Amino acid sequence: MKVALLQHTPDPELTVALAARLCYSKVGIDELKQKLTNSDIDSFLDKIMSLGHQSVLEHASFTFGIEGISRVTSHQLVRHRVASYSQQSQRYVSHKEQFSVVVPPEIAKNAEMLEMFQEQMSQLHECYARMVDGGIPAEDARYLLPNATETKIVVTMNARELLHFFAVRCCERAQWEIRAMSVEMLRLVRDIAPVIFRSAGPGCIGGPCPEGKMTCGRAQEIREKFHNL
């Protein structure tokens, strides 16, 4: 898996702070910008986050390039609707020459199951290639491709949606692959907007675990993990 932060709103925390201050100020944007110090930005953002006034976070956006994830994970990812996606097409990109798959760790550590998995993938690849060679369009041959097929995707989310995404997908109850991806996304944006994402992470970071009886029971351990991310 490879996760890269391709682009983001320049100085996102300044942008968010300006938007928030404008709501309560008589002066213009240029004057507000001149008056805001780094300390002002940090304290104002802390206040916004504590009060839950998160609509202004939508002014800051982040674009990620993600490679080496399975179609299992991309299908979960696109359920987050307040985002933009551009995914490698299985209709126009043929997998005849290279059929890459993601192997789940639980399968990888079991020699017998791994051999079975690899055998099935090999057979599917052979069948796919024969179909393409036989004149079947890639858009039809792709019906053979399994959920394990590796894909690439570009994702853009605003800061408000990212906070929700992290709360759901960084949780220990999230599927392992999307959890690993979301944790890496959080690590990247925290470098760019440390105040906004200071308390980002699974739902248990800011209070009791929201999973109820389905809790992993390791809330304190998880909080320490994300505090030191």
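The largest pocket holds about 310 Å³ of space. This is a predicted model, in which local features need pLDDT of at least 70, side-chain atom pairs count only at pLDDT 80 or more, and totals for chains, interfaces and linings use all residues. Residues are numbered from 1 along each chain as its sequence is written, and side-chain values use heavy atoms, with hydrogens and water left out.

## Pockets

Rolling a probe the size of a water molecule over the atoms shows where empty space is left. The search runs on a 1 Å grid over the protein atoms alone; a pocket is an open set of points where a 1.4 Å probe fits, with protein on both sides within 12 Å along at least five of seven lines. Lining residues have an atom within 4 Å of a point. Grid points are joined across faces, edges and corners, and the volume is the space filled by probe spheres set on the points.

The largest pocket is lined by 16 residues. Met49, Gln54, Leu163, Ser199 and Ala200 lie nearest its centre. Helix H3 (38-51) and helix H8 (159-169) each supply at least two lining residues. H8 gives the most, with three. Helices (H or I, at least four residues) and strands (E, at least two) are DSSP runs, numbered from the N terminus.

The second largest pocket has about 180 Å³ of space. Its lining counts 17 residues, and Ala167, Cys171, Glu172, Arg173 and Glu211 lie nearest the centre. Here too H8 gives the most, with three residues.

The table sets out the lining classes. Ala, Val, Leu, Ile, Met, Phe, Trp, Tyr, Cys and Pro count as nonpolar, Asp, Glu, Lys and Arg as charged, and the others, Gly among them, as polar.

| Pocket | Volume | Lining by class |
|---|---|---|
| Largest pocket | about 310 Å³ | eight nonpolar, six polar, two charged residues |
| Second largest pocket | about 180 Å³ | eleven nonpolar, two polar, four charged residues |

## Helix H3

H3 has 14 residues. From first C-alpha to last it reaches 20 Å, close to the 20 Å expected at 1.5 Å a residue. The expected span is 1.5 Å times one less than the number of residues.

The buried residues of H3 are Ile41, Phe44, Leu45 and Ile48. Seen down the helix axis, they fall within an arc of 100°, so they line one face of H3. That arc is taken from the directions from the helix axis to the C-beta atoms. An α-helix has 3.6 residues a turn, so residues three or four places apart point the same way. Buried means under 20% relative accessible area, exposed over 50%, and partly exposed in between (1.4 Å probe, protein chains only).

The face turned away from the buried side carries the exposed residues Ser39, Lys47 and Ser50. Helix H1 (12-22) is among the elements that cover the buried residues of H3. Just after H3, Gly52 takes a positive phi of about 80°.

Helix H9 (residues 176-192) has 17 residues and should span 24 Å at 1.5 Å a residue; its end C-alpha atoms are 25 Å apart, which agrees. Its buried residues include Ile178, Met181, Ser182, Met185 and Leu186. Cover for the buried residues of H9 includes strand S1 (2-8), strand S2 (61-70), helix H4 (71-77), H8 and helix H10 (219-227).

Ser182 sits in H9. Its relative accessible area is 0%, so Ser182 is buried. Ser182 touches Phe165, Phe166, Arg169 and Cys170, not counting residues up to four places away in sequence. Contact means heavy atoms within 4.5 Å.

Leu77 belongs to helix H4. Leu77 is also buried, at 0% relative accessible area. Leaving out residues up to four places away in sequence, Leu77 touches Tyr85, Ile153, Val155, Met157, Phe165, Ile178 and Met181. Leu77 and Ile153 are 76 residues apart in sequence and 10.0 Å apart in space, C-alpha to C-alpha.

## Loop residues

Gln90 lies in the loop between strand S3 (84-87) and helix H5 (105-108). Gln90 is buried, because its relative accessible area is 12%. Beyond residues up to four places away in sequence, Gln90 touches Arg71, His95, Ala138, Arg142, Leu145 and Thr149.

Ile136 is in the loop between helix H6 (111-133) and helix H7 (138-141). At 36% relative accessibility, Ile136 counts as partly exposed. Ile136 touches Met131 and Ala141, again not counting residues up to four places away in sequence.

Asp11 lies in the loop between S1 and H1. Asp11 has a positive phi of about 45° although it is not a glycine. With a relative accessible area of 46%, Asp11 is partly exposed.
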